[in-house]
Amino acid sequence: MTQTFSDTNELTISNKVAKILIDKKAVILSPDDPFTWASGIKSPIYCDNRQLLSYPNERKYVAQALAMKIKKYYPNTTVIAGTATAGIPHAALVADILDLPMIYVRGKAKDHGRKTQIEGKLESTDNVVLIDDLISTGGSVLKAAEVVEEVASVVGVVAIFTYELQKARSNFEAAKTSLHILTNFSELLEVAEDNNYLSNREIDSVKKWRQESFQ
């Protein structure tokens with residue numbers, strides 16, 4: 001894949017990214033053998049976008065799509081920030097495409113050395129976009145945004161995938177933080193159904209879980 005990114009339609013991008021996530025097993029749908037999330041929730045879907053890093057063409061496409069979102073929605077961005085740890089490599093790729101400085105935000109401040117939580121140079125005049133790989137409730141990236149906002153301005157968040165939880169929408173609204181996503185659970189289910197990744201029974205099972213869990 002060349003560095004030229006020709007896709008401009010966001011629905012096309014959403015569909016392509018969803019297919020990439022399934023094909024490369026960054027998102028796994030397993031209705032008959034559900035995963036246990038850290039919260040204890042039993043779920044037929046599991047997302048680990050770190051898997052994308054092993055596939056040069058696909059990780060480049062995703063990075064270019066993230067860069068396009070930033071250029072479209074946050075044209076005044078001066079710094080790209082990655083969230084620890086999964087957002088860091090994607091932020092590095094995007095910062096390189098946009099030729100912008102990059103920082104990353106630790107989960108907590110170091111207890112040694114400079115005892116910093118933000119790694120990299122950040123000025124009070126900077127406009128920062130945070131990159132995360134996955135939005136579940138949005139809690140971790142919004143905490144990172146709070147850390148950045150102690151120094152500079154956060155203009156928004158971009159991420160690869162969202163479970164579309166109402167809790168995430170509520171959290172971003174409460175924080176008054178803008179969010180843009182490449183693809184989502186709804187698109188993923190459509191791609192899975194259209195490409196026969198799952199049987200009709202399995203699709204129905206995932207849709208039922210989604211309806212019951214996402215209220």
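**Aromatic pairs and a buried isoleucine**

The count of aromatic pairs comes to 3, where rings of Phe, Tyr and Trp (its six-membered ring) pair if their centres lie within 6.5 Å, and planes under 30 degrees apart count as stacked, over 60 as edge-to-face and the rest as tilted. One of them joins F35 and Y46, whose ring centres are 5.4 Å apart with planes at 35 degrees, so the pair is tilted. Because F35 lies in strand 2 (residues 35-36) and Y46 in strand 4 (residues 45-47), the pair ties together parts 11 residues apart in sequence. Helices (H or I, at least four residues) and strands (E, at least two) are DSSP runs numbered from the N terminus.

The model is predicted: local features need pLDDT of at least 70, side-chain atom pairs count only at pLDDT 80 or more, and totals for chains, interfaces and linings use all residues. Residues are numbered from 1 along each chain as its sequence is written, and side-chain values use heavy atoms, leaving out hydrogens and water.

F35, at 23% relative accessibility, counts as partly exposed; buried means under 20% relative accessible area, exposed over 50%, and partly exposed in between (1.4 Å probe, protein chains only). Y46 is also partly exposed, at 37%.

F185 and W209 form another tilted pair, 6.3 Å centre to centre with 50 degrees between the planes. F185 lies in helix 6 (residues 185-194) and W209 in helix 7 (residues 200-213), so this pair ties together parts 24 residues apart in sequence. F185 is buried at 0%, and W209 is buried at 13%.

I70, in helix 2 (residues 56-73), counts as buried at 2% relative accessibility.
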